[in-house]
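Good morning, colleagues. Please look at the sequence and the structure now on the screen, and I shall then take you through them.

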Amino acid sequence: MALVVWSLPPFVLGLGLPQFTTSGSVPSPLETRPLALRPESPGCPRGPSALLRAPLPTASQVGAPDCWGCGNISLRPGDQHFLEYSFLGRNHPVEFSELLSYLVLPKKLRSTRGFSASTAADGVRSCKSKPLKMIWCILVVGFLLPQSLADPGFFTSIGQMTDLIRTEKDLVTSLKDYIKAEEDKLEQIKKWAEKLDQLTSAATKDPEGFVGHPVNAFKLMKRLNTEWSELENLVLKDMSDGFISNLTIQRQYFPNDEDQVGAAKALLRLQDTYNLDTDTISKGDLPGVKHKSLLTVEDCFELGKVAYTEADYYHTELWMEQALRQLDEGEVSTIDEVSVLDYLSYAVYQQGDMDKALLLTKKLLELDPEHQRANGNLKYFEYIMAKEKDANKSASDDQSDQKTTPKKKGVAADYLPERQKYEMLCRGEGIKMTPRRQKKLFCRYHDGNRNPKFILAPAKQEDEWDKPRIIRFHDIISDAEIEIVKDLAKPRLSRATVHDPETGKLTTAQYRVSKSAWLSGYENPVVSRINMRIQDLTGLDVSTAEELQVANYGVGGQYEPHFDFARKDEPDAFKELGTGNRIATWLFYMSDVSAGGATVFPEVGASVWPKKGTAVFWYNLFASGEGDYSTRHAACPVLVGNKWVSNKWAP
């Protein structure tokens, strides 16, 4: 009685029903199989759900505990009904109740914002108590959830994120106005109460004598008939209308979950690229910072959860341990130690450290002995470790009979994959030129081959590298020109794209985190003047070139190693643009960067650091038209600061 499901993105189902048994063996960790759980052996270890941020429905909300299906799942204590969903090629356990909290009617599936257990329960109740109906619900949700997310992409551009600062400042001003209005309202009520307190205190001493005065009698009637009603209206008056209206208007420009996750991933990327430990980041001890900021336990916990959702258990462990350290140091937090240990123990297990996972699980159970998932995991860890102990004992008995096999020769000790080279160059740990090569690098004045524009005021050139030849032009674009270019580009900034070598079309990519805009020469005299300056200094005709591209990098903004030119197997790389192959690259630096943001060439070990007002130039193709593969380059993540560049590719 097995249930098999094909093509269910993004979920891979394994319906756990304890009353069925397919074999006596223990399923391997995170193995996805129909009817995976067996009552006579420990269940697979389970970690916290990576899907939800909303409260889960209780057993009473989900349905009756005596049957199972889309709307009726048994959540009795001790049951281990769970699913596993596939994410980035890894399987993760999910409670039935957690998954069901996403099975919401399409009318309520407007977005993931405002999601709650009650709406989930409503959606669950709408389904029939049939397994196939449940599968259909999961299919629908699997396709609808990705479409419900907005994509402002604030995290990909520091320039656009500055608008959020002004938005938040406006909201703070509105909030303070609301507080002032509430204080004024309370002050009026307080004065009214003090006045009546004095009046009623005197009246209660001699009630008959007090109302015997005709004026007092009139005023008593007036107060109770009119003034108390006015006070009631004052008390009921909602002073928050202005603030709520402003908040509602501004909310449409707020970042969404993708922005928050993108910014979190950027911190993890910076951590790896620049070899930063979690404590350094948490304390804000970054080079070149002007506004130091600390991470709270909640912040560290959120970073760990983002990594966990991505099946990145390495970073999950690092950030959950940081959250745990800050809790141990006495930081007050809404996050408890049990929640942190829940994620941490499972992340450690996923990395193969069973001893540490067992230790952390025991520590969790000391704090919460009734923790159902931890109790199940503890039994599993102990079972597996006992099996490994027996296996090791058997192996040691047979070891004397086995011959030692000589190890195969591996790669050279000094071999570095491109990723490591790239990150080393970003940290300034690149290859140092020999003195002999350095002597061949010069600074000079360049007149553009006797171009009249540069005879009296030649451009300043500096050799940055010899092979490939990389030249930097100093003071080649003014601050005024930079501001005009930035002002023209800002309204048009959109997520930067790359060329798909197979289709020749533009598409976004995770390895390029920035926003860009394209400016034509006819739009503004400054853009036209910049284009002509590039043509005059390089001798390349830019009239048929691509437009000037302006880019602004976001949090941890980067562009991983890539070629600017099209290779032989990419004949249609620039078909959509209608241009030829990119002969050369001209790159303006339009801002200084406090830390990080270098342009690096991993193949040769060159690093070029941003300097406002300068530009670098190199040829992508040899004179024969063949591509120069040594020009493969990357934009390092921006550690601190704001990076603006603009570039021109000559066809």
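I begin with a disulfide, that is, a pair of cysteine sulfur atoms within 2.5 Å: Cys426 is joined to Cys636, with 2.0 Å from S to S. A search of the whole structure finds 1 disulfide. Cys426 lies in helix α16 and Cys636 in the loop between β17 (633–635) and β18, so the pair ties together parts that are 210 residues apart in sequence. Helices (H or I, at least four residues) and strands (E, at least two) are DSSP runs, numbered from the N terminus. The link of Cys426 and Cys636 is left-handed, with -85° about the S-S bond. Both Cys426 and Cys636 are buried; buried means under 20% relative accessible area, exposed over 50%, and partly exposed in between, with a 1.4 Å probe and protein chains only.

A word on the source. This is a predicted model, in which local features need pLDDT of at least 70 and side-chain atom pairs count only at pLDDT 80 or more, while totals for chains, interfaces and linings use all residues. Residues are numbered from 1 along each chain as its sequence is written, and side-chain values use heavy atoms, with hydrogens and water left out.

As for pLDDT, the predictor's confidence in each residue from 0 to 100, the protein averages 76, and 70% of the residues score at least 70. Over residues 1–41 the pLDDT is below 50. Residues 51–151 also have a pLDDT below 50. Where pLDDT is low, the predicted coordinates should not be read in detail.

I turn to the interior. A nonpolar core is a set of buried Ala, Val, Leu, Ile, Met, Phe, Trp, Tyr and Cys residues joined through side-chain atoms within 4.5 Å. The largest one has 52 residues, and Val340 and Val600 have the most contacts inside it. Among the elements that give two or more residues to this core are α9 (257–273), α13 (337–350) and α16 (418–426). Helix α13 gives the most, with 9 residues. Contact means heavy atoms within 4.5 Å; leaving aside neighbours within four places in sequence, the contacts of Val340 include Phe301, Met320 and Leu324.

Which helix residues are covered? In α13, 12 of the 14 residues are buried, including Val340, Asp342 and Gln350. At the start of α13, a side-chain oxygen of Asp336 reaches to within 3.1 Å of the backbone nitrogen of Val338. Gly352, whose phi is positive, near 90°, follows α13.

Terms used:
A polar contact is a pair of N or O atoms within 3.5 Å; within protein, one must be able to donate a hydrogen and the other to accept it, and residues adjacent in sequence count only if both atoms are side-chain atoms.
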